[in-house]
Amino acid sequence: MSKRIAGLVLLACAGAANAQIAGTGAGIVTSSNVTLFGVVDVAAAWGGGSIADRTRLVSGANSSSRVGFRGVEDLGAHLGAGFWLEAGVNADDGTGATSNTNNQPVSGSGSGGLTFNRRSTVSLMGDWGELRLGRDIVASWRNKDQTDPFSTNGVGTTLPHAITIAGVTAQRASNMIGYFLPQALLPGVFGEAQYYAGENQSGSDGNGWQARLGYANKTWGLAAGYGLTKYAQTATLGDTQVWNVGAHWDFGVARLTAGYFHDTVKQVAERTGTGYIVGAVAPIGAGQLKLSYSTYKVDDLGDPTARKLALGYVYNLSQRTALYATYAHIDNRGPSDAALNGALTAPGSSSNGVDLGLKHSF
Amino acid sequence: MSKRIAGLVLLACAGAANAQIAGTGAGIVTSSNVTLFGVVDVAAAWGGGSIADRTRLVSGANSSSRVGFRGVEDLGAHLGAGFWLEAGVNADDGTGATSNTNNQPVSGSGSGGLTFNRRSTVSLMGDWGELRLGRDIVASWRNKDQTDPFSTNGVGTTLPHAITIAGVTAQRASNMIGYFLPQALLPGVFGEAQYYAGENQSGSDGNGWQARLGYANKTWGLAAGYGLTKYAQTATLGDTQVWNVGAHWDFGVARLTAGYFHDTVKQVAERTGTGYIVGAVAPIGAGQLKLSYSTYKVDDLGDPTARKLALGYVYNLSQRTALYATYAHIDNRGPSDAALNGALTAPGSSSNGVDLGLKHSF
Amino acid sequence: MSKRIAGLVLLACAGAANAQIAGTGAGIVTSSNVTLFGVVDVAAAWGGGSIADRTRLVSGANSSSRVGFRGVEDLGAHLGAGFWLEAGVNADDGTGATSNTNNQPVSGSGSGGLTFNRRSTVSLMGDWGELRLGRDIVASWRNKDQTDPFSTNGVGTTLPHAITIAGVTAQRASNMIGYFLPQALLPGVFGEAQYYAGENQSGSDGNGWQARLGYANKTWGLAAGYGLTKYAQTATLGDTQVWNVGAHWDFGVARLTAGYFHDTVKQVAERTGTGYIVGAVAPIGAGQLKLSYSTYKVDDLGDPTARKLALGYVYNLSQRTALYATYAHIDNRGPSDAALNGALTAPGSSSNGVDLGLKHSF
């Protein structure tokens, strides 16, 4: 019988944790395997505001903490199959992130238990692209992620993601049928279309569709996204429409990003939120310097507007492990009271925040 | 330090997902290992009824979506140990299936978080059979599963499973001590006995026992199951008794199955439900054609009776991946209003349903 | 394409499940790997008391049932990184153990879904020790565990753990920053310090810090622990202070342990609980004989005091698998009504309990 031998010894999986947001379709799978992967990222976080400051530990301020299983199978004949089950983890307290079974505003499911809220899909892939069924990221969100130097994580998160009015399907949706264009269709062109069902009793609540089309080469890229989720019109809810464009240009010394975002909620008194971001990531030493400026304005009474400056440095100890520090400042205008890291600030006042963290992916 | 290397590359695990329902005892374990396994199965499902139709994505219409860990250890001296932790996944939205801590009608536990609801056991195995402790499938259910060409999954599910009156322990029970006969006792003979505890304050609520005994050779098999779960008698609940028989015959061109099922709930006004199934699975090309006819009748006022015809084809892209299509029709008699895939139909009206899905196991 | 091959075949992981309570800092990591590990432990448990007896299946009566993922990475330059995600499992019914997001008495999170309640951490390790962020065991608890022959599991559990008044942070805390001394600082010296945040709206509720310092060589060891968790003072809650000392001496024929434990809750009428344990573990044949005597007394009206004698034998079928039997007897004095395995006993009456179980680790 075996002695004290480590069980399930595996090779390191560098960078795999971010692979799910590449957004481009699948090529042909060339071998069959299953991968266990994840990220554990915890930071000490401070937030300051005019009413109350806050100090706490947070999870995923550089990369969302998670654990998952994924795999692909080569079916031959230019066909492949794959699955992806990825659970969000609140690594500061061990609980799981909630999912949403029916794309409704009030239906978080999981109550702190682990769910595959981040992604739960099965795929069939071929020369014609990828068919993907299950819960996944919505097409329009990818532009928010890919134009944000902070990848929508932590105190530096882009405002068009952090304070969007676009509701529960702004980032992910359940009960989805998605299609991705093949990588080889036209050099550099990528695209996807999605339909998702709310499966609610009340008509088409939570049903929706999204699409994204883009082009990228080694130096620059451009993509446009659109999404529409249906809800019966009330005083606080209605059809939610999102459109946006994102672009990046890699100058070598720095990678610049820019995005424009437009969200509309067709409730009885229609609301529109608009924002943009400009960002830069510069490789410096063993790490990256990150800088972004983003805004988000809602056409409510008084035109609440927030503007955010974020500055961060990620020091890579390896391809899997990093120390990071981020500083962000929010400038509120009108009745806007956006605050950072759990602080409270008065309408029109500012807020500051700092993350100091350690990220390890596997 | 290692570069971009895929983490935890593993071999494919064909068909493993169905191994837990074989229902026969353990042989001697010959090596020590741990296996990660699972199924991700999502289908577009349509249901039609006289009141309302429904279209949605569903999970596990061919094989229940799941993720699990299991392993065996060779202890020498004709002894082995094993464990099995298997969590049901709603792959269309990423949530977990609920478990039941005390075998009571109103105690789903998990709230959408992952639980090892499908199986959570530790085993000791020897020439004398297998001792298995934890949560597991009840003995009497195996005949429902093994006589159903659709394995109690999806729109084609056998009616004696889908609309049974046998309650919360009809398929699984917690707090169980189970014993399986050894495979080598008598050639072809298999059997098991189980005791489970409700662990409720009110007397013996949720306590029960089950047993199954059968014979199978390469051509045909026959098994009988029995179960009794205790509940204090009320107007809607009482001791729940199940007995059934199942048989199969493999003709080469097709495998025929038949089963008879008898459920009794000894509430104040005792209820009895009875049903049967005849089914066939025929290998055709790279797949299987499946056909079944099942019924279930309850002796309530008006003798509500449902009859179901189900027809399906599974196209195997590999041993792990399949596309499938199933059509089913329910014919209701009396006050029966059984409907398919979330549709609503009036008493005595019919219902139709279709599943179109993709299954991948790992 | 591969045929029926077992997926993810791994080597056995003997004893790994208990590694997280070693309590000493990290040495330098020498290779990069990820480990899947766990325990499935189920016992038939009987408890007897003057009011009501109880028979049920329980999980983890020898070693807490769990499943987890952990790994380390060699960063070079005498640095290492690591993560640890460990979920408690109620193996008798498949549900998960709850976590606690904010170190408050009433905030169990998970509702039966799996959470990484046992440990959820990311670490950076070097010659200077280990920095550990996330949810983890509190420093002062390790003396309770390491002086108990039954490792605070099952019917034999030491009373200063089983009926402590020290509340929700007596064993673990969330939102923690921990520091461990390096192993090489002084030969045999180990130590750790922790700060954790409640992150509650009401002031510093749930904030706290703990520390432990000790010495051990091959024959004997000694350690002292201290913890303080802050709560706003009410009639039933207040700052909770814990201090304790633990020691062991290995005589070869037996390993003796002793511990003294002192808990104070500074509610309006301050409460103090004190207890001690003396224990012995003797290797006999293929197993261990375990014996312990522990007490816990609270200075409430009538000085409720419980005294417990526990006797157990663990028969190791391998390094990973064991059969075990434990008998325990509680003698209550004054208004104390501590009872075993879910039994109920009257104040001042005794209680008996038995566990008969099977443990398998992987």
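I started with a charge over a ring: A:Arg70 lies over the face of A:Trp84, at 5.0 Å from the ring centre. For this I need NZ of Lys or CZ of Arg within 6 Å of the ring centre and within 35 degrees of the ring normal. In chain C, the charged end of C:Arg70 sits over the ring of C:Trp84, 4.9 Å from its centre.

A note on what I am reading: this is a predicted model, where local features need pLDDT of at least 70, side-chain atom pairs count only at pLDDT 80 or more, and totals for chains, interfaces and linings use all residues. Residues are numbered from 1 along each chain as its sequence is written, chains are lettered from A and ligands numbered from 1 in the order in which they are written, and side-chain values use heavy atoms, with hydrogens and water left out.

Next I looked up aromatic pairs. Rings of Phe, Tyr and Trp (its six-membered ring) pair if their centres lie within 6.5 Å; planes under 30 degrees apart count as stacked, over 60 as edge-to-face and the rest as tilted. I found 30 aromatic pairs over all chains. One of them is the stacked pair of A:Phe362 and C:Phe83, at 3.8 Å centre to centre and 10° between the planes. This pair crosses between chains, from the segment after strand 20 (350-361) of chain A to strand 4 (residues 79-90) of chain C. Strands here are DSSP runs (E, at least two residues), numbered from the N terminus.

Buried or exposed? I found both A:Phe362 and C:Phe83 buried. Buried means under 20% relative accessible area, exposed over 50%, partly exposed in between (1.4 Å probe, protein chains only).

My next pair was B:Trp220 and B:Trp249, stacked because their ring centres are 6.1 Å apart and their planes at 10°. They link distant parts of the chain, 29 residues apart, from strand 13 (residues 220-229) to strand 14 (residues 239-250) of chain B. B:Trp220 is partly exposed at 30%, and B:Trp249 is partly exposed at 39%.

Last, I followed strands in chain C. Strand 16 (residues 271-284) and strand 17 (residues 287-298) run antiparallel and are joined by 12 bridges; two strands pair if DSSP finds at least two bridges between them. They form a hairpin with two residues between them, and C:Gly285 in the turn has a positive phi of about 60°. Strand 17 of chain C also pairs with strand 18 (residues 305-316) in the antiparallel sense, over 11 bridges. I noted that C:Leu291 has C:Leu311 in strand 18 of chain C as its bridge partner.

Conventions:
Helices (H or I, at least four residues) and strands (E, at least two) are DSSP runs, numbered from the N terminus.
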